[in-house]
Amino acid sequence: MNLLQGSSLYDSLNRLTIGFLISLLLFGIGDISASKFDTLIMKILFTIGCFIIGVFFSFLIDKIAECRQLGYFNKIFYKNNINKIKELSVVFNIELVPDRNETQLEAYWGRYYTVQKAGLLGNVPALETLSAFLLNLSGVSILYVIVEIIYFIWYGSFCNCKCSSTTPLHSFSVVVLLTSSILLILSKYCRDYIEGKIYLSIISAYKFLMCQNDKRSN
């Protein structure tokens, strides 16, 4: 539901990991030596810094996911896929008809909170945490791809005559670019699958509640 909701251990590890991945990119750009973090205090400060970066990056991705005018990027950055929710609602014969002053997405939220109140969320919170991590990982992957593309443009324009195309740095950048592209594709595919599991869990649980209510009324 809300990708910034909750402060569990998994949420904290999510943001710490994302911050660490971004810090690796900053290390590469700034050519910072890891030896500067040998002392315990520096390691602690580095860990806190990674967490802070992860928190702000998660907030940025969350705001991007709220935008509806991103074109193709809306297929990657989204919070709830209303089309998929409607498909599953039809399968389970659950009416997703909004009231006068609400949208279809808000109608789904109403079903979500009904299931939550009944204590039938099951593993949905864990799936939401994993979905949030994959969304942030998609953002990090795109960031890496953009930085590497900029590097290759700079490399081809200003360093082509001075540097060998087989330098370790150049070869490493190719590996990073390919790895980031593959991670972006996998993150997108896996998150779509997990989001589908979340919608399925909510709608099937709501269907169960409706059946139980019908039995009691009869």
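Predicted model: local features only at pLDDT ≥ 70, side-chain atom pairs only at ≥ 80, totals over all residues.
Residues are numbered from 1 along each chain as its sequence is written, and side-chain values use heavy atoms, with hydrogens and water left out.

**Overall make-up**
- You'll find six helices and zero strands here (DSSP runs numbered from the N terminus: H or I of at least four residues for helices, E of at least two for strands).
- Of the 218 residues, 34% are buried, meaning under 20% relative accessible area, with exposed over 50% and partly exposed in between (1.4 Å probe, protein chains only).

**Helix 4**
- Helix 4 covers residues 104-117, and its 14 residues reach 20 Å from first C-alpha to last, close to the 20 Å expected at 1.5 Å a residue (the expected span is 1.5 Å times one less than the number of residues).
- Its buried residues are Leu105, Ala107, Tyr108, Arg111, Tyr112 and Val115.
- These residues sit on the same side of helix 4 because they cover an arc of only 160° around the axis, taken from the directions from the helix axis to the C-beta atoms.
- After helix 4 comes glycine 119, with a positive phi near 75°.

**Helix 2**
- Phenylalanine 56 belongs to helix 2 (residues 40-66).
- Phenylalanine 56 is exposed, at 58% relative accessible area.
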